[in-house]
Amino acid sequence: MPPPSNLYLFGYNSLQAAIAIFRIVSNFISTGSFYGGYASAGDLICLLQSVAFLEVIHGAIGLVPSGVVLPLMQWGGRTHFLLAIVRQIDEVQELPAVFITFLAWSLSEVVRYPQHAFTCIGSCPYWITYLRYTAFIVLYPVGLFTGEMWLMYEALPFIKKKNLYADFFSAFPFTYYTFVRVLLVLYPFLWLKLYLHLFKQRRSKLRKHDKKKMK
C-alpha cells in the first residue's frame, strides 16, 4: 500500500485534474467564443491558483522533488497576473488574451496533474508521461506570449489611468505602472529558466522509460 504522503498527493492531483477538465468544458459551453473567459471561470481559477501554493509547500517540505524556487516562480507569476491585474481591472477581463491564458493553463494541467497522480501510486502509463513532457513545448509559449504578456501590455493604460496600488507603491521611487513595464521586459528571461528546466526534465523522464524498455 502506498504511504500516506503518496495517497495525499494522489488525491490532491486527481482533484486538480478533474477541476481543470471542468474548467475547459465550462469555458467552451458558457462562452462559445474567445470572449467571456473570466466571466465563466475567473472566480474558480482565482481560487484554484491560490490553493496551488500547496505545491510550493510540497516542494519545501520534501513531499515532491521539485524544490521551492521554480514552483514559487510559477505560482507567483500566475497569481500576480490573476489577482493583481485581471481581477482588479474590469476593462481587460473579457479580452481574448484572458481566454487564451486560461485555456493554455487548463490544457497543461489536464495532462500534468494526472501524470503526478499516477506517479504517486507508482503506475503511470507511458503515454501520459510522454504527453506531460511534450505538451508544454507548445502550451507554455502560447500561454505566456499570447496570453499573460499580451494581457499585461493591454492593461498598462488602465493601470496608469487608475493609478493602481498607489498607496503601496508610495513607499518606492517608482509606480506599479513602471513595475509592470519592467516586469514585461524581464518576463521572458524568468520564464525561460522554467522552460529550459522542463526540457531537462523531459530528457530525464523519457530516457528513463527508454532504458526500462531495453532491459
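This is a predicted model: local features need pLDDT of at least 70, side-chain atom pairs count only at pLDDT 80 or more; totals for chains, interfaces and linings use all residues.
The largest pocket holds about 800 Å³ of space, and α5 gives the most to its lining. Elsewhere, α3 and α4 pack with their axes 9 Å apart.

**The α3/α4 pair**

- Two packed helices are described by the angle between their axes and the distance between the axes.
- Here, helix α3 spans residues 53-60 and helix α4 spans residues 69-86, and they pack at an angle of about 170°.
- Angles over 145 degrees count as roughly antiparallel, so α3 and α4 are roughly antiparallel to each other.
- On the α3 side, the contact uses Phe53, Glu55 and Val56, which meet Pro71, Leu72 and Trp75 of α4.
- By class, that contact of α3 with α4 has five nonpolar residues, one charged and no polar.

**The largest pocket**

- Rolling a probe the size of a water molecule over the atoms shows where empty space is left.
- The largest pocket, at about 800 Å³, is lined by 32 residues, and the closest to its centre are Val64, Ser66, Arg112, His116 and Arg132.
- Helices α1 (4-31), α3, α4, α5, α6 and α8 (176-214) each put at least two residues into the lining of this pocket.
- Seven residues come from α5, which gives the most to the lining of the largest pocket.
- Sorted by class, the lining of the largest pocket has 16 nonpolar, 10 polar and six charged residues.

**The cavities**

- Searching the whole structure turns up two cavities of 30 Å³ or more.
- The second largest cavity contains about 40 Å³ of space.

**Annotated stretches**

- An unreviewed UniProt entry gives the annotation "transmembrane region" to residues 20-39, 51-75, 95-113, 133-153 and 173-196.
- Within residues 51-75, the chain is 64% helix and 0% strand, with the end C-alpha atoms 10 Å apart.
- Residues 95-113 are 95% helix and 0% strand, and here the end C-alpha atoms lie 27 Å apart.

Note on methods:
Residues are numbered from 1 along each chain as its sequence is written. Side-chain values use heavy atoms; hydrogens and water are left out. Axes are lines fitted to C-alpha atoms, for helices over the stretch in contact, and angles run from 0 to 180 degrees between N-to-C directions. Helices (H or I, at least four residues) and strands (E, at least two) are DSSP runs, numbered from the N terminus. Angles under 35 degrees count as roughly parallel, over 145 as roughly antiparallel, 65 to 115 as roughly perpendicular and the rest as oblique. Contact means heavy atoms within 4.5 Å. Ala, Val, Leu, Ile, Met, Phe, Trp, Tyr, Cys and Pro count as nonpolar, Asp, Glu, Lys and Arg as charged, and the others, Gly among them, as polar. On a 1 Å grid over the protein atoms alone, a cavity is a set of points where a 1.4 Å probe fits but cannot get out, and a pocket is an open set with protein on both sides within 12 Å along at least five of seven lines; lining residues have an atom within 4 Å of a point. Grid points are joined across faces, edges and corners, and a volume is the space filled by probe spheres set on the points. UniProt positions are given in the numbering used here, feature names are shortened, and annotations may be inferred rather than shown by experiment.
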